[in-house]
Amino acid sequence: MRSLPLGPQDREVSVVGFGGMHLSLTDRPAEADAVRVLHAGFEAGMTLVDTADAYCLEAGETGHNERLIAQALREWGGGSDRVLVATKGGIVRSGGRWDRDGRPAHLRAACHASLRALGVEQIDLYQLHAPDPAVPFAESIGALAELRQAGKIRRVGLSNVSVAQIRQAEAIVPVTAVQNRLNPFFREALTDGVVEYCGTQGIGFLAYSPTGGGRLTRKLPGHPVLQQLAGRLGCSPHAVCLAWVLAQGPSVLVIPSARSITHAVDSAGAAAVHLDVAQLAAISSASFDRS
């Protein structure tokens, strides 16, 4: 599969990675089935997998997705060192909610718990899941810088951030990757300049929810523009959508989630889908209903 450097002069990873979230939330597959889905993604060429301690149903099973991914890598015969694992801290599932906690003490504890869940001595990429409005941003980033200095994490990433916050973080610690939402339904990462900034700085931009997520993802097969292009290119509308996202910047990667082997393999195939200028423009100018 086509690959890109994750960050400035950094290790290359597949442009389509595996987003682990939906293997641990509502309607998740059985554990053995989830492992097989991950293995299918790895076999299809995915060398980046994204997870988080908060990818679980409630606080009592924090780290569920990390443990699942660690199991899949242990049991895969393709060489786990070929796959870069990115995880996140800074969100807690209190009562099943998605609450932010960017306190340095929490981030330190969360990172150590993620190390245990993943079964590693150093995390490849550790990302602040989201800024906490109750905690000064610099304090949260300072905790990640300390963890990096201590050798607990190799690379620092950010998620759900603005250009101003990326710049603020860069003044404290090198930033390897930024993970924000980007899909045809929601394009704020383009309009607010985050994708452009990451491209100019060589920072990997990890597009989450690249097909919209949930009910929006289910709209894609019937979208007239995507449907027509998929028929012409011999791929799925989902793959066309992923190819559009990948074309939005020189450092853009996508991390779609999957609950089935078919979906994982289809997503991987998007790396080989080429959209010409006219096709990209057709998608960009099309209407995508969020209702």
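**Group meeting: cysteines, a sheet and some helices**

Okay, let me start with Cys111: its relative accessibility is 0%, so Cys111 counts as buried. Buried here is under 20% relative accessible area, exposed is over 50% and partly exposed lies in between, with a 1.4 Å probe and protein chains only.

Quick caveats. This is a predicted model, where local features need pLDDT of at least 70 and side-chain atom pairs count only at pLDDT 80 or more, while totals for chains, interfaces and linings use all residues. Residues are numbered from 1 along each chain as its sequence is written, and side-chain values use heavy atoms, with hydrogens and water left out.

Back to the cysteines. How many disulfides does the structure hold? It's 0, taking a disulfide as a pair of cysteine sulfur atoms within 2.5 Å.

Helices are DSSP runs of H or I with at least four residues, strands are E runs of at least two, and both are numbered from the N terminus. Helix H3 (residues 104–118) packs on helix H4 (residues 137–149) at about 35°, axes 8 Å apart. Those axes are lines fitted to C-alpha atoms, for helices over the stretch in contact, and angles run from 0 to 180 degrees between N-to-C directions. On the H3 side the contact includes Leu107, Cys111 and His112, and on the H4 side Ala143 and Leu147; contact means heavy atoms within 4.5 Å.

Now the sheet. It's open, 8 strands, ordered E3-E4-E5-E8-E9-E10-E11-E12, with parallel pairing. E3 and strand E12 (252–254) are at the edges with a single partner strand each, so one side of each has no neighbour in the sheet. Pairing takes at least two DSSP bridges between two strands; E4 and strand E5 (residues 84–89) have 3, in the parallel sense. Asp50 has Ala86 in E5 as its bridge partner.

Last one, helix H1 (residues 31–43). Its 13 residues reach 18 Å from first C-alpha to last, close to the 18 Å expected at 1.5 Å a residue, where the expected span is 1.5 Å times one less than the number of residues. Its buried residues include Val35, Leu38 and Phe42. What covers them? Among the elements are strand E3 (18–19), strand E4 (48–50) and helix H2 (64–75). After H1 comes Gly45, with a positive phi near 110°.
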